[in-house]
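Biologist: Could we go through this model together? I should like to begin with the strands and then turn to the helices.

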Amino acid sequence: MATMEGVLGWSRPAVKECPRRLAGRLWGALPEGRPLPEAAWQGRHRAVLVLLWLHALGLAAFGVGMGQDLAHSVAEGGVLAAVAVLAAQPRLGRRWRSAVASLGLITASAILVHLSGGYVEAHFHFFVMIAVIGLYQDWVPFLLALGYVVLHHGVFGVLAPGAVYNHPDALAHPWKWAAIHGAFVLAASAATVAAWRLSEAARARTEASEARLRLLTERLPAVLWSTDAALRFVAAQGAGLTTLGLRGEELVGTSLRERFGGDEPAGSTVAAHRRALQGESVAFELVWAGRTFEARVEPLRRPDGAAVGTVAVAVDVTERLDAESERQRLVDTSQAKSAFLANMSHELRTPMNGVLGMTELLLDTPLSPEQQEYAQTAHRSGESLLRVINDILDFSKVEDGQVQLECIDFDLRETVEDVAALLAARAHEQGLELTVALDPDVPTALQGDPFRLRQVLTNLLGNAVKFTARGEVGVHVQTVQTGVADTAGVTAMGLRFAVRDTGIGLTPAAQAGLFQPFAQADASTTRRYGGTGLGLAISQRLVALMGGTIGIESAPGEGSTFWFTATFAPAPPATPALPLPAAPRVQALQGGRVLVVDDNATNRRHVDRQLRTWGLHADGAADGPAALGLLREAAARGAPYDLALLDLQMPGMDGLMLARAITSDPTLAATRLVLLTSLGGGGHASAAARQAGILATLTKPVRQAQLYDTLVTVLTSPVLSGPGGAGLRAAPLAPLAPSATVAPVGPLGAAAPAVPPLPSLGSGVLLAEDNAVNQRVTQRMLEKLGYQVELVADGRAAVTALGRTSYAAVLMDCQMPELDGFRATAVIRRQEGTPGTGRRTPIIAMTAHALQGDRERCLAAGMDDYLAKPVRAEALAIMLQRWAPPVAAGAAPALPSDDMPIDLQALAALRELGDEDGTELVREVATLFLEDAPLRLAALRSAMGRGDAVAVAREAHTLKGSAASLGALPLAGLCAVLEGREPGLTSDLGATSGGLDVLGQLDAELERVRVALDAYLAPA
């Protein structure tokens, strides 16, 4: 016999589990009996109570009609009425009230059955009441009602069938009738439960949908509301309500007019809703509780299309409008900054025009080697400053943070030594030793951006000198591994630059924010050191662009080491590394013996390393007595030193005393002597050094090329090879300078680049320039280039001059009074556009503005080319050669190369610019200055009296530029104090009592300048 397991494929555990699963599914099919929402329950309960009251009244009347006595009928109706009153009591709670009402309805059904004499149709009233009780969707009243029916039909109907059914068959077969009615009760209950389940499921879906919609609307950064036809709020939701400090319940039932009535723009809200009720879709702006919303209202329609209300949504745009306002403010600020930078460009570059122009002209005059180097150093410093100004004032780079690195061939050693040379004077004034060391394996021929590298090194080295009171500052360069290769497979050269000092050091807290903009290690009002705090932040960004990182190692009182890494490409093989002497001269150094005498161990170490690299044997001594001992010991064993490098400043026995001791000793006199000194030491020690037997002087930090060339010259010169050093004192030596007196190698000794001869233009060049100093500088440049020049001071005069005669070219300053260069050019171009007016005159913009877009602006104004101030003679020559047509051949242009109130060398350079002896030119410039300076002082005094610091700085700046061009350097320095550009001074010094003191000094200094100029220009 087949088992259930074999027939159905069920296992025995599955068979046992079947009833449980079936029961579980039946249980899951039952309603949950979740409480109704309060509003829904109240509505249904009121309907049940109304039905109960109808039963109370109807059954009493029905009982009388069925022949029951009045008192009995009224009593039954009263019981039902009492139940209705009890079911209406709120203190009973929802469940008890629904249970009481349910029992009242079932009791009414039982009374109806009894009053009808057990009439069978009346029994169906029970089933109807069960369905009505199902409206509560609560198991308690439903089960109470169901139990009531079961007791009534199943128990009371069996025990007393005549009282329930009142039918002959029921009297004979009560169980049969109980079963029949039980089936009806079961069917009615099942139908009620099924309807209950379906209703509950539908309600759950509705609630879930409403919950999702509510969640969405509550999270929206907006306000959503609906109104009826009377413009009363029906609903309101949205996160925007929270922003407004409201709740939706507070708005429901209130009038839209109460919230938004009145004037525009709030009144437009009511008007928009009225239009929506007429069928329009309206967008409007809503200002609500100080916040701004963009809103739209739509009509809410019935199925027949009639508008019965409105639905609106308002999005909070306050932050967006604020952001747009802030963005516009930033744009305005940016434009203002651009205008400020343009003006600052003019103010900075105008005096730079005089500085570089004068130094170029000065370099074209006969100068001694010492003067030539001074002028070249000043000129190079001015060029470096000009490049810094150009980049600082490049608006797009400042705004966008975009700095483009160059990739050019450069000499690393020369770049590092240039930076050290620029800061050497400051270091030596503070009594600091400044050293430069490159490891032997560091290549010097590289490709990269030397200016950016110089900028970082200048910042770090300048800080080191600034914060070091005594001791030394050194730069050390070494190689590091990068592992980075370019597309050609060439590995980039990684270098580590370390700037070490023996200064104040930094605490860990001070180091933490050191590379942040405007950060200061000491930000207190009593801080000792000034500065903006931008240098390190800029350096960090530049180092990152060069593919490296920057950091610091420091401890308070122990000095600091700022280091950074950078990557460079090796220069092509054809690029010369360092311009060292030819091979025969290199061989002349092999095996030579040199003694380095310096009290600074770092200096001795660096020089020793360089000497050994060239095949020399080097020893070191820390002072004079030790050096004499080594010299005598070497001479005694027959291996004397060929050359001694002597530091000038040493404790006890200085370099000159040591040199005298050496030359006075016959056994040591053959040793050649070279002096190492600071920038200011050469002139002071010149005569004494010659008498002591010094052959050459080198400036510290010593450039490798100069050291090498000096060694080769001194050691190989036949004049110096006489026995016992006799030839040494007979040799005709050039005057000692702060650098090697031998021919220097590198940029300081390089000749100025030649420019092809330019024509002399018979029609001349028109120079439109309002600055008197710049007029004279540019005029003299043009005249030395062979051009005839006519001067005008503003754009209107330039237009008049061009209307009167023709010129080969016009040099047009862009910023002039009356009519600036742009508008003057436009007038000129309009005049040239008139038929019969002749050819187009080349106009070259000459402006101190150097921002991106300035060239394009000049060309758009009708100018032909752009020449940035300060005007360089070489650039001027090339520009005129391009635009001015040749008329007749001319001479080749010559390109420029302590208590006194004026610099006589500056006056001598100015004299060189003039005709014959140049006295008239000096007299003219001096007269212009002496006429203008009192006016500037009066303006300064007036601005200071009214506390206008901006005017003080402007007037001081103008007077400073004129004074510096004339060589009145102390006067220019006082002006710089008022202008606020001296370290440690604030920009508003001019409006303080300290400014008044400086103004008094200005008066006295101007009188000194006047006396000195009168004496200088007095007839012999």
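Modeller: Two strands count as paired if DSSP finds at least two bridges between them. Strands (E, at least two residues) and helices (H or I, at least four residues) are DSSP runs, numbered from the N terminus. By that rule, β13 and β14 pair in the parallel sense over five bridges. Within this pair, Val-594 has Ala-618 of β14 as its bridge partner.

Biologist: Before we continue, what kind of model is this, and how are residues numbered?

Modeller: This is a predicted model, in which local features need pLDDT of at least 70 and side-chain atom pairs count only at pLDDT 80 or more, while totals for chains, interfaces and linings use all residues. Residues are numbered from 1 along each chain as its sequence is written, and side-chain values use heavy atoms, with hydrogens and water left out.

Biologist: What is the mean pLDDT of the protein chain?

Modeller: The mean is 75, and 77% of the residues reach 70 or more; pLDDT is the predictor's confidence in each residue, from 0 to 100. Over residues 1-8 the pLDDT is below 50, and this stretch has seven contacts beyond near neighbours in sequence. A contact means heavy atoms within 4.5 Å. Residues 981-994 also stay under 50, with 21 contacts beyond four places in sequence. Where pLDDT is low, the predicted coordinates should not be read in detail.

Biologist: And which elements have the lowest and the highest mean pLDDT?

Modeller: Helix α28 (residues 726-730) has the lowest, at 32, and strand β13 (residues 593-597) has the highest, at 92.

Biologist: Back to β13, then. What is the strand order in its sheet?

Modeller: The order is β14-β13-β15-β16-β17, an open sheet of five strands with parallel pairing. β14 (617-621) and β17 (694-699) are at the edges with a single partner strand each, so one side of each has no neighbour in the sheet. From one strand to the next, the twist averages 20°.

Biologist: Which strands does helix α23 lie across?

Modeller: Helix α23 (residues 601-613) lies across β13, β14 and β15 (643-647), and runs at about 170° to β14. Such angles run from 0 to 180 degrees between N-to-C directions, with axes fitted to C-alpha atoms, for helices over the stretch in contact.

Biologist: Changing topic: how do α6 and α7 cross?

Modeller: The axes of α6 (residues 124-133) and α7 (residues 139-159) come within 9 Å and cross at roughly 165°. That makes the two helices roughly antiparallel, a term for angles over 145 degrees. Phe-126, Ile-130 and Ile-133 of α6 meet residues of α7 including Phe-142, Leu-146 and His-152.

Biologist: One last topic: how many bridges join β3 to β4?

Modeller: Seven bridges join strand β3 (residues 282-288) to strand β4 (residues 291-301), in the antiparallel sense. Leu-286 has Phe-293 of β4 as its bridge partner. The two strands form a hairpin with two residues between them, and Ala-289 in the turn has a positive phi of about 55°.

Biologist: What does β4 form with β5?

Modeller: β4 and β5 form a hairpin with five residues between them, where Gly-305 in the turn has a positive phi of about 95°. Nine bridges join β4 to β5 (residues 307-316), and the strands run antiparallel.

Key. Parallel < 35°, antiparallel > 145°, perpendicular 65-115°, else oblique.
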